[in-house]
Amino acid sequence: MASLAPAGDFAGGNDFQWCFSQVKGAIDEDVAEADIISTVEFNYSGELLATGDKGGRVVIFQHEQESKNRPHLRGEYNVYSTFQSHEPEFDYLKSLEIEEKINKIRWLPQQNAAHFLLSTNDKTIKLWKISERDKRAEGYNLKDEDGRLRDPFRITSLRVPVLMPMGLMVEASPRRIFANAHTYHINSISVNSDHETYLSADDLRINLWHLEITDRSFNIVDIKPANMEELTEVITAAECHPHQCNVFVYSSSKGTIRLCDMRAAALCDRHSKFFEEPEDPSSRSFFSEIISSISDVKFSHSGRYMMTRDYLSVKVWDLNMENRPVETYQVHEYLRSKLCSLYENDCIFDKFECCWNGSDSAIMTGSYNNFFRMFDRNTRRDITLEASRESSKPRATLKPRKVSTGGKRKKDEISVDSLDFNKKILHTAWHPKDNVIAVAATNNLYIFQDKIN
């Protein structure tokens, strides 16, 4: 696995910098709601990159091979396939519209020439097969070349159909539809390490599915109280362990994480481990409970650690230590004084995701003003970068950004009061092997890569 910075570090070393590679999407000022990217995910090899949007579409980009003429340039990602995954629906029993927005995409490990991915909206999960065709059959007996049926009485000789080469076609076809299992909105799907099962989580329940069986699932967590007025927390995210198929975690709106072992009981209402950091009573405020809600949880590739993202920070937990995180990184601590206005404009409820690099030595998460943050776990250095079209010239080096928190503002700093809270980076992805990152900024997908001088 590539480490974040082969020599030196990303936040100040002379030999490691991030540079612009590509940007996808229109430049229009007026962005259509349907075009806003809602999830980003590399496949296991990093060859394919999938995005889902609020219009129910999935766009897959494929990594092109590097050209011999320009060996210093890594290959680019170009559109490989685009398809409509979900359509808007209406629940007549509850008189509710079901949005087509893609909440999550998860790739399955590749077993043959085709690729498979799971995509979900609020209610329905679909398994898609993405395959290539570069040949077509010709010379049918019962139909003409244009597809019209021939009169059987006019057929005087039999011919053997042959496969003829044709232009490459990429087809996306739904192989399985997993529906009617969630009363509440699905917030997570996660493929298990046995590659046969996956889990899906909504606000109050987690279900375990077999990839071949669509008409039933096992309910493995149910936190719904008998009386809904007694409801104190909801499930915010869930993920399977990368190596142990019996272990999974789920996070809650109270800032806690529960690790469950499916070997212990069929219904995992009683957790095996309970991760929670004690709250400092001196910093308690009206917003404490809201900002402690966990918006994302991710196991490290090694399976030893897990990372959680709350509103203001990212925490890394050792699975062997439940009472406090081993690392805490402040993402935008300067917003603590702005929580009142962030509550009024609903930004305080934004759900930021986080991701590991391939070697678990660095983590990345988003912020406002199209800023995203990276933290080097070895050197404890951090950096703030910006996804913007101003720095979108090929191979342009990304300049670190700084936010001034008061007092005199330095030349290169941006004031907290001038941050644009409508521009937010909620979804990011890191290539599993290389220093290539994908960052979703509203309707644009930015791809950055390392630049080693």
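Q: How many residues sit between E31 and E32 in their hairpin?
A: There are 2 residues between E31 and E32. This is a predicted model.

Q: Which residue in that turn has a positive phi?
A: Threonine 442, at about 55 degrees.

Q: How many bridges hold E31 and strand E32?
A: They pair over 6 bridges, in the antiparallel sense. Valine 436, for one, has glutamine 449 in E32 as its bridge partner.

Q: And what about E30 and E31, how many residues between them?
A: That hairpin has 5 residues between its strands. Strand E30 (residues 427-430) runs antiparallel to E31, with 4 bridges. Histidine 427 is partnered with alanine 440.

Q: Is E31 buried or exposed?
A: Mostly covered: 6 of its 6 residues are buried. Val436, Ala438 and Ala440 are on one side, with Ile437, Val439 and Ala441 on the other. Side chains alternate between the two faces in a regular strand.

Q: New topic. What is the strand order in the open sheet of 4 strands?
A: E12-E13-E14-E15, with antiparallel pairing. Strands E12 and E15 each have a single partner strand, so one side of each lacks a neighbour in the sheet. The twist averages 20 degrees from one strand to the next.

Q: Which residue of E13 pairs with valine 191?
A: Tyrosine 198 is the bridge partner. E12 and E13 are joined by 4 bridges.

Q: Last one: which residues make the nonpolar surface patch?
A: Phe286, Tyr343 and Phe349, about 330 Å². Phenylalanine 286 lies in the loop between strand E19 and helix H1.

Q: Why does phenylalanine 286 count as exposed?
A: Because its relative accessibility is 60%, and the cut-off for exposed is over 50%.

Key
Residues are numbered from 1 along each chain as its sequence is written. This is a predicted model: local features need pLDDT of at least 70, side-chain atom pairs count only at pLDDT 80 or more; totals for chains, interfaces and linings use all residues. Side-chain values use heavy atoms; hydrogens and water are left out. Patches are made of residues with over 30% relative accessible area and no salt bridge: like charges are joined within 9 Å, nonpolar side chains (Val, Leu, Ile, Met, Phe, Trp, Tyr) within 5 Å. Accessible areas come from the Shrake-Rupley method with a 1.4 Å probe; for residues, only the protein chains shown count as cover. A salt bridge is a side-chain nitrogen of Lys or Arg within 4 Å of a carboxyl oxygen of Asp or Glu. Buried means under 20% relative accessible area, exposed over 50%, partly exposed in between (1.4 Å probe, protein chains only). Two strands pair if DSSP finds at least two bridges between them. Axes are lines fitted to C-alpha atoms, for helices over the stretch in contact, and angles run from 0 to 180 degrees between N-to-C directions.
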